[in-house]
Amino acid sequence: MKKVLLLLANGFEAFEASVFADVIGWNKLEGDLNTELLTTGLHEEIKSTVGFSVKRELSISEINVDEFDALAIPGGFEEKGYYDDAFHEDFLNLINKFHESNKIIASICVGALPIAKSGILKNKNATTYGLGQSTRQKQLSDFGVNVIPDQSMVVDGNIITGYNPSASFEVAFYLLELLTSKDNCSKIKALIGFKNN
């Protein structure tokens with residue numbers, strides 16, 4: 001079983017989190033049946049940007065990184081407290097543990113920023129939100145990252161970053177392909193309704 005840990009901060013972007021959950025979940029039910037997604041965060045209940053809460057399945061202190069194959073991090077909104085959690089020492093330490101164990105780390109939108117703040121993106125290529133302004137891309141650059149501004153998905157080593165919410169499916173499907181196979185990923189895309197190229 002390939003296990004993905006969904007790392008949520010208060011103020012997480014609901015769509016970005018749900019795409020990871022759906023792609024991995026569809027595979028568990030209709031694909032090779034060999035993936036599972038579990039949630040974690042700093043709080044027992046983690047609030048999304050739109051107000052509903054998710055009850056985490058594991059506390060960060062319970063996590064054994066060796067039991068997981070990948071870490072998935074959706075972005076979120078500063079106005080909803082996203083960076084209070086995402087830049088917290090325990091959040092960043094977990095990211096570092098996954099990196100030290102050579103696990104896949106996938107993020108969407110500003111989910112790249114805690115990865116960068118953890119130090120593991122220094123001198124690497126990545127992307128983050130930048131539509132209509134470059135505040136978040138400048139912030140990513142200030143962490144020592146080589147920002148690729150208008151590419152929907154950037155992969156550098158074991159780290160995948162997505163430009164904005166529209167890149168969510170591309171990132172999640174690529175993560176599934178890495179965890180299973182290209183053929184299996186194509187099957188899940190078709191079942192969800194995407195055309196395969």
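This report covers a sheet, a helix, a histidine and a pocket in a predicted model.

## Basis

The model is predicted: local features need pLDDT of at least 70, side-chain atom pairs count only at pLDDT 80 or more, and totals for chains, interfaces and linings use all residues. Residues are numbered from 1 along each chain as its sequence is written, and side-chain values use heavy atoms, with hydrogens and water left out.

## Sheet

Seven strands make up an open sheet with mixed pairing, in the order β5-β2-β1-β6-β7-β11-β10. Strands (E, at least two residues) and helices (H or I, at least four) are DSSP runs, numbered from the N terminus; two strands pair if DSSP finds at least two bridges between them. The edges are held by β5 (58–59) and β10 (153–156), each with a single partner strand, so one side of each has no neighbour in the sheet.

Strand β2 (residues 35–41) runs parallel to β5, and two bridges join them. Thr 40 has Leu 58 in β5 as its bridge partner.

## Helix α7

Helix α7 (residues 182–192) has Asn 184, Cys 185 and Ile 188 buried. Buried means under 20% relative accessible area, exposed over 50%, and partly exposed in between (1.4 Å probe, protein chains only). Seen down the helix axis, the buried residues of α7 fall within an arc of 100°, so they line one face; the arc is that of the directions from the axis to the C-beta atoms.

The cover over these buried residues includes α1 (14–30) and α6 (168–179), where contact means heavy atoms within 4.5 Å. Exposed Lys 182 and Asp 183 are on the face of α7 turned away from its buried side. Gly 193 follows α7 and has a positive phi, near 115°.

## His 88

His 88 is in the loop between α2 (82–86) and α3 (89–100). Its relative accessibility is 33%, so His 88 counts as partly exposed. Not counting residues up to four places away in sequence, His 88 touches Leu 42 and Tyr 83. The C-alpha atoms of His 88 and Gln 139 are separated by 17 Å, and the two residues are 51 residues apart along the chain.

## Largest pocket

The largest pocket holds about 260 Å³ of space. It is lined by 15 residues, of which Gly 76, Phe 77, Cys 109, Val 110 and Tyr 129 are the closest to its centre. On a 1 Å grid over the protein atoms alone, a pocket is an open set of points where a 1.4 Å probe fits, with protein on both sides within 12 Å along at least five of seven lines; lining residues have an atom within 4 Å of a point. Grid points are joined across faces, edges and corners, and the volume is the space filled by probe spheres set on them.

By class, the lining has six nonpolar, four polar and five charged residues. Nonpolar covers Ala, Val, Leu, Ile, Met, Phe, Trp, Tyr, Cys and Pro, charged covers Asp, Glu, Lys and Arg, and polar the others, Gly among them.
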